[in-house]
Amino acid sequence: MAASPFRLGWFGNLTTPEWRTGWSNDALSWTDARYYVDMVRDMERAGFDFMMLEDSLMVSDIYAGTAELELKHAMYAPKLDPVPVISMLAYATEHIGIVGTASTTFYPPYLLARTFSTLDHVTRGRVGWNIVTSSEDRAAQNFGMDKLPEHDLRYEIAEEFVEVVTALWDSWAPDAVVADPISGYYADHTKVAPIHHEGKHFSVRGPLNTPRSPQGRPVICQAGASPRGRDFAAKNADMLLCIPNGLDGMKEYRDDIRARAAAHGRDPDDIKVFFVVAPIIGRTMEEAQAKEAAFRADKQRNFEKQMVHFGAIMEIDFSVLDPDLPIPDDVTTNGHQGTFEGWKQAFGGRTIKDAASDMRVASMPLVGTPDHIADEMDKAMEHVGGDGFMFLAQPTSREYIREITEGLCPALRRRGLIRTGFAHEHFRDNMRSFD
Ligand SMILES: Cc1cc2nc3c(=O)[nH]c(=O)nc-3n(C[C@H](O)[C@H](O)[C@H](O)COP(=O)(O)O)c2cc1C
């Protein structure tokens, strides 16, 4: 093994895969989720630690007050609910972790605790929960609210939410189920206790009606980027997803999270940080560079997609801003605050039109052959200190997945940089032990 192997994850969005090239059978049939089953099997075989399924709960019509571009590019909608799909992906695999996104702003805690306990059972201890507080008023309006609670208040609510669901997961002691034919007791009622939670935001009696799950609680995933979000993540999460800018930004983020975790009395090694990358892969350097140039040349499409993206997760209507100027300093968001600040930095002094027309969401550029990219990833991890990368396809296609799983992953394996098997039964144990 090389000095510092790292972990791999995939950012899965249950939206339509690339459909415009003609090289796809999946433009309409992706909704039966077999596309994602094939995908997760490829990933497990190639050495991935997890597949994460993102989520949002709206059709965005923020940009210019219409859903035209959102639906034209099939960005945030149409989309499937990740939670039921997790079961299907787990049934098709043996070891890989599967992380589903669910919002503390919209789920009731009892329902969330029960759903993820059930998923931990049916996946045999391989599920993770990506805790999000959501960032769209459009989603709030689907749940009887006019708008979302303010950014930091959402995290305050999420803190209490995590307290409640953790108590519910613990409401069955590890030895509560005895299944003893001699005494005639299936479960010992003295080991299943109500939680009687009466808090500022939630009131939940408990206990859960689901027995304690294999991992006790799912792997907790989070993607806080603002100071408040980072603190929440450092206190509660087993794994983090992030997109800081460049190698120094990546190192700063990881060091900061580890310091915050230590301040919460945790072992920083119990938290694994995953940096978003979106490699452009070719059989030769020239082929990869030509692909990148083709991506950048598709300016109008890239611009439209980024406008939808910004509108959806920042809820800022960029159509009212002058595209030939940089983002004005006084524009703020109640959505993804940390991400917005990162983008403003990455834009530098460029105009909105210019920067959005060739923007690729990633912490570092990766363009080249599998061997070249594997070397770059190795060097990046050396600089940053660990723990792993998460691929965010832009867009997803069977072709692209193959380039990663059959091209890049073997190059990483030849260097001893990624896993070749799974030593443990449960997701958390596999993720922690692979150092
Ligand atoms: C890689 C990544 C994946 C994310 N996935 C989701 C998601 O599926 N659903 C969602 O509502 N928010 C998602 N977020 C947003 C985060 O939960 C968080 O709101 C965002 O990073 C901004 O951080 P802040 O809330 O601390 O400002 C994601 C963020 C990142 C960086």
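1. Two strands pair if DSSP finds at least two bridges between them. The model is predicted.

2. β5 covers residues 177–180 and β6 covers residues 185–187. The two strands run antiparallel and share 2 bridges, so the pair meets the cut-off of at least two. D180 stands opposite Y185 in β6. Between the strands of this hairpin sit 4 residues. G184 belongs to the turn and has a positive phi of about 85°.

3. Which residue has a positive phi although it is not a glycine? It is H196, with a value of about 45°. H196 sits in the loop between β6 and β7, and β7 spans 197–198.

4. The barrel. In what order do the 8 strands close into a barrel? The order is β1-β2-β3-β4-β9-β10-β11-β14, and the pairing is parallel. On average, neighbouring strands of this sheet are turned by 25° against each other, with direction ignored.

5. β1 takes in residues 7–12, and β2 takes in residues 50–53. They pair in the parallel sense over 4 bridges. On this pair, G9 stands opposite F50 in β2.

6. Helices across the strands. α6, residues 151–169, lies across β4 (127–132) and β9 (219–222). Its direction is about 155° to β4. α14 lies across β1 and β14, the latter being residues 388–391. α14 runs at about 175° to β1.

7. The second largest pocket. It holds about 270 Å³ of space. Two helices, α9 (285–297) and α14 (398–414), each give at least two residues to the lining. Which element gives the largest share of that lining? α14 does, with 5 residues.

8. By class, 7 are charged, 2 are polar and 2 are nonpolar.

9. The cavity. The count comes to 1 cavity of 30 Å³ or more. About 30 Å³ of space lies in this largest cavity. Its lining consists of S60, I62, Y63, T66, L69, E70, V308 and G311. The elements that supply two or more of these residues are α2 and α10, the latter spanning 299–314. The lining of the largest cavity divides into 4 nonpolar, 3 polar and 1 charged residues.

10. Salt bridges. How many does the structure hold? The total is 38. One of these pairs E54 with K79, where the closest N and O atoms are 2.9 Å apart. E54 lies in the loop between β2 and α2 (68–72), and K79 lies in the loop between α2 and α3 (82–91), so the pair ties together parts that are 25 residues apart in sequence.

11. The peptide bond from A77 to P78 is cis, and its omega is near 0°. P78 lies in the loop between α2 and α3. K79 of the salt bridge to E54 is in the loop between α2 and α3 too.

12. G386 and D387 are joined by a cis peptide bond, with omega about 10°. Where does D387 lie? D387 is in the loop between α13 (370–384) and β14.

Technical notes. Residues numbered from 1 in each chain as written. Predicted model: local features only at pLDDT ≥ 70, side-chain atom pairs only at ≥ 80, totals over all residues. Heavy atoms only, no water. 1 Å grid on protein atoms, 1.4 Å probe; cavity = no way out; pocket = protein on both sides within 12 Å on 5 of 7 lines; lining within 4 Å. Points joined across faces, edges and corners; volume = space filled by probe spheres on them. Nonpolar A, V, L, I, M, F, W, Y, C, P; charged D, E, K, R; others polar. Axes fitted to C-alpha atoms, helices over the stretch in contact; angles between N-to-C directions. Contact = heavy atoms within 4.5 Å. Salt bridge = Lys/Arg side-chain N within 4 Å of Asp/Glu carboxyl O.
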